[in-house]
Amino acid sequence: MSDRMTPQQRHECMSNIHSKDTLPEQIVRRELWRRGYRYRLNVRKLPGTPDIVLGKYRTVIFVNGCFWHGHRDCSKYTVPKTNTEFWKEKIVRNKERDLINNQRLEILAWGIITVWECELSKSKLSDTMDRIESEIHANKAKWEAYNLMRKENRQFALEQAKKRREIAAIVEAELNEQLHMSVKLLKALKQEIYY
């Protein structure tokens, strides 16, 4: 089946889709703020550049669009009838990337919460936010237990430090590849611009 839109219409439609500050992200951020949680947005030094980072609770939140991340058994996820192979491959790549980033974050002892777009409807929002809040507190408890173990067991602490350095190197290499210049160089350029 051919595309019903002209290439210009398709370009216009796709260019309006953003990866940051989406409506689902704004809903979650507004509710977190209302409940007293403070956070940072899109921290690039963490694998996957999480949408929301709650450092005090050692928790990251990914707010996923059901279509873009292939949410199973969801009415918002249907494979388009045009260019089907492209979309299937793209969504599989997105799922693989999400899985790898989650594994890296777990190695770095970050708790991960995934919120799906379909969970943020008015009827489900309160239950979803209650779930998020309970997971945030569970992640904080895990982080405190992890820190206690690092303090008591020097060998464990050394192994964890080595893993963190390895992941940090991987993330920096990916950033370098994306930006085509080193992060240190970018920081220097930013300082030059602002001073």
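Where does T49 lie? T49 is in the loop between β1 and β2, and I come back to that loop in point 4.

1. **Ground rules.** This is a predicted model, so to speak: local features need pLDDT of at least 70, side-chain atom pairs count only at pLDDT 80 or more, and totals for chains, interfaces and linings use all residues. Residue numbers start from 1 along each chain as its sequence is written, and side-chain values use heavy atoms, with hydrogens and water left out.

2. **Overall layout.** The protein chain has 6 helices and 4 strands; these are DSSP runs, helices being H or I of at least four residues and strands E of at least two, numbered from the N terminus. Along the sequence the pattern reads α-α-β-β-β-α-β-α-α-α. Of the 195 residues, 33% are buried (under 20% relative accessible area; exposed is over 50%, partly exposed in between, with a 1.4 Å probe and protein chains only). The accessible surface comes to about 13300 Å², with 53% of that on carbon and sulfur atoms (Shrake-Rupley method, 1.4 Å probe; for residues, only the protein chains shown count as cover). Among contacts between residues at least 6 apart in sequence, 55% join residues at least 24 apart, where contact means heavy atoms within 4.5 Å.

3. **The sheet.** The 4 strands make an open sheet in the order β1-β2-β3-β4, with mixed pairing; two strands pair if DSSP finds at least two bridges between them. At the edges are β1 (40-41) and β4 (111-116), each pairing on one side only. β1 runs antiparallel to β2 (residues 52-54), and 2 bridges join them. In that pair, L41 stands opposite I52. Two helices pack on the sheet: α3 (residues 84-107) touches β3 (59-64) and β4, its direction making about 170° with that of β3, while α4 touches β2, β3 and β4 and makes about 170° with β4. Those axes are lines fitted to C-alpha atoms, for helices over the stretch in contact, and the angles run from 0 to 180 degrees between N-to-C directions.

4. **Backbone spots to check by eye.** T49 has a positive phi, near 45°, and is not a glycine. At 27% relative accessibility, T49 is partly exposed. R58, in the loop between β2 and β3, also has a positive phi, near 50°. R58 is buried, though, with a relative accessible area of 14%. G36, which follows α2, has a positive phi too, near 95°.

5. **Helix α4.** This helix (residues 125-152) has 28 residues and reaches 41 Å from first C-alpha to last, close to the 40 Å expected at 1.5 Å a residue; the expected span is 1.5 Å times one less than the number of residues. Its buried residues are L125, T128, M129, I132, I136, N139, W143 and Y146. Much of that list steps along in threes and fours, for which the background is simple: an α-helix has 3.6 residues a turn, so residues three or four places apart point the same way.

6. **Helix α2.** α2 has 12 residues and reaches 16 Å, close to the 16 Å expected.

7. **The cores.** The largest nonpolar core has 17 residues, and those with the most contacts inside it are V28, L32, I52, L54, I61, I132 and I136. A nonpolar core here is a set of buried Ala, Val, Leu, Ile, Met, Phe, Trp, Tyr and Cys residues joined through side-chain atoms within 4.5 Å. Two or more residues come from each of α2 (23-34), β2, β3, β4 and α4, and α4 gives the most, with 4 residues. Leaving aside neighbours within four places in sequence, V28 is in contact with I52, V63, V115, L120, M129 and I132. A second, separate core of 12 residues includes V43, F62, W110 and I167.

8. N102 lies in α3 and, leaving aside neighbours within four places in sequence, is in contact with F62 and I112. The C-alpha atoms of N102 and I112 are separated by 7.1 Å, with the two residues 10 apart along the chain. R104, also in α3, is buried at a relative accessible area of 14%. Not counting residues up to four places away in sequence, R104 touches P47, I167, I170 and E174.
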